[in-house]
There are 2 protein chains.
Amino acid sequence: MRMVIATCSVVYTGRGDTRLPAAVRAILIKTDGAVSIHSDFGNKPLNYMGKGSIHTESEADGTLVWSFDSRKESIQIHLHAVHSDSDHLLSEVEPGLVRDGTEPQLQAWLAEHPEQLGPGYTLVGREYPTGAGPVDLLVLDEAGTPVAVEVKRVAMLGAADQVSRYMEALRSEVEFQHVRGMIAALDVRPKTRLLAEKRNISWVELPRTWRDERVVTGSSEPSLGEEE
Amino acid sequence: MRMVIATCSVVYTGRGDTRLPAAVRAILIKTDGAVSIHSDFGNKPLNYMGKGSIHTESEADGTLVWSFDSRKESIQIHLHAVHSDSDHLLSEVEPGLVRDGTEPQLQAWLAEHPEQLGPGYTLVGREYPTGAGPVDLLVLDEAGTPVAVEVKRVAMLGAADQVSRYMEALRSEVEFQHVRGMIAALDVRPKTRLLAEKRNISWVELPRTWRDERVVTGSSEPSLGEEE
DNA sequence: TGGTGCATTTCGCCC
DNA sequence: GGGCGAAGTGCACCA
């Protein structure tokens with residue numbers, strides 16, 4: 001990875017257009033062609049370019065200009081003054097981040113414990129296909145009525161919309177004429193609760209301790225399969 | 001901004017939980033307390049922490065450990081070996097990125113040119129309040145029927161959902177009993193078109209040249225006010 | 001390669 | 001400070 005500290009101004013054209021007035025910033029150039037320009041504030045780079053960009057060098061008005069171009073985008077960095085330029089050897093193989101507590105894991109846990117959604121609930125399927133894309137979980141309530149469940153860590157308005165969309169698609173099939181909708185999340189936001197209730201979508205907040213419970217319940221059912 | 005090149009492993013706890021096996025990476029520490037850990041690939045840091053974190057140093061099993069803690073999150077970086085450690089003075093005042101072609105600008109342009117939505121269309125309001133949040137534009141069609149318009153650069157399924165939500169809220173008011181819905185975007189994705197049509201939401205694709213036309217139209221109407 | 005949805009999304013705006 | 005929505009979102013996954 002190469003890092004250049006420079007007084008620079010930037011012009012970007014692509015999905016949108018941006019320009020960045022001159023200031024001293026850090027430019028990171030990675031081996032895969034990813035480029036990012038950082039100020040001394042915040043996590044997000046001011047300008048950036050995805051991996052696979054092609055680096056060319058030119059000059060305009062006596063100023064060094066670096067261009068990074070990809071299929072549909074292009075960025076030009078005007079280097080008014082270079083204060084530092086260094087190369088650093090990072091690992092060529094990145095082990096990668098291991099996440100825990102993700103939505104897919106929450107979904108898997110619920111698939112094994114559908115009773116968390118309501119007493120007597122049973123699983124029909126995960127990522128169950130509908131005409132509007134796969135719904136996270138399809139379950140049956142205690143009365144045997146199908147319920148389309150959207151799983152989220154934090155449920156906001158869009159979650160209710162997704163449920164509505166899946167219900168809308170499923171209702172055109174005979175066996176799902178009376179499908180209900182449900183949001184299952186660790187955190188269901190207030191406005192989302194209101195919207196859900198107005199649309200007759202039920203919601204449950206799951207215990208924050210679900211990952212601990214996953215272990216506890218797992219130990220009481222010794223023959224469970226491997227988890228994601 | 002401080003940059004440390006180090007063989008490090010990381011543990012993060014907060015909104016989720018992650019761990020990162022040991023490898024050589026670049027650690028950026030900014031003056032506002034933002035921290036990010038980069039591999040040599042891609043733009044997104046593997047681990048990160050927002051501004052305002054508090055940095056403390058300790059030791060575990062003879063290894064240097066840096067902790068960065070904020071209100072609800074915490075990250076620990078185990079520095080197995082430090083290969084480089086440098087400080088760089090970046091601009092204390094960042095001029096900031098200037099964007100062009102954003103959604104608010106597109107919205108402003110449409111507000112001045114409602115005929116782009118259809119012949120005879122007139123503007124009622126921008127960010128017009130509904131019980132489900134403000135709708136981008138409220139206009140009247142040539143027959144005087146109100147139309148709730150969601151403006152997007154790229155319209156995907158969520159855009160249709162937003163329109164549905166606003167219509168749902170507006171219809172409970174007498175004067176908007178028969179409000180229609182509309183998506184106005186530079187790019188309306190195929191599945192979004194289908195969903196919109198199924199829900200009786202109309203859609204228009206706006207000319208990619210709208211920013212040029214903004215200039216052209218402006219020159220033919222010399223007394224227009226300042227734009228955003 | 002394009003479509004769709006998650007993300008420790010980040011960030012900004014408004015309440 | 002919390003809620004909500006845009007983003008040049010990035011990114012993985014899947015058709």
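How many nonpolar, polar and charged residues does the surface near DNA strand D have?

**Entry 1: basis.** I note that this is a predicted model, in which local features need pLDDT of at least 70, side-chain atom pairs count only at pLDDT 80 or more, and totals for chains, interfaces and linings use all residues. Residues are numbered from 1 along each chain as its sequence is written, chains are lettered from A and ligands numbered from 1 in the order in which they are written, and side-chain values use heavy atoms, with hydrogens and water left out.

**Entry 2: surface near DNA strand D.** I looked up the classes and found 5 nonpolar, 7 polar and 11 charged residues. Here nonpolar covers Ala, Val, Leu, Ile, Met, Phe, Trp, Tyr, Cys and Pro, charged covers Asp, Glu, Lys and Arg, and polar covers the others, Gly among them. A residue is near the strand if one of its heavy atoms lies within 4 Å of it. Arg15(A), Tyr48(A), Lys191(A), Arg99(B) and Arg153(B) come nearest among the 23 residues around DNA strand D.

**Entry 3: phosphate oxygens of DNA strand D.** I found a polar side-chain atom of Lys152(B) at 2.7 Å from one. For Lys44(B), a backbone N or O atom lies 3.0 Å from a phosphate oxygen.

Technical notes
Polar contact = N/O pair within 3.5 Å; in protein donor to acceptor, adjacent residues only side chain to side chain.
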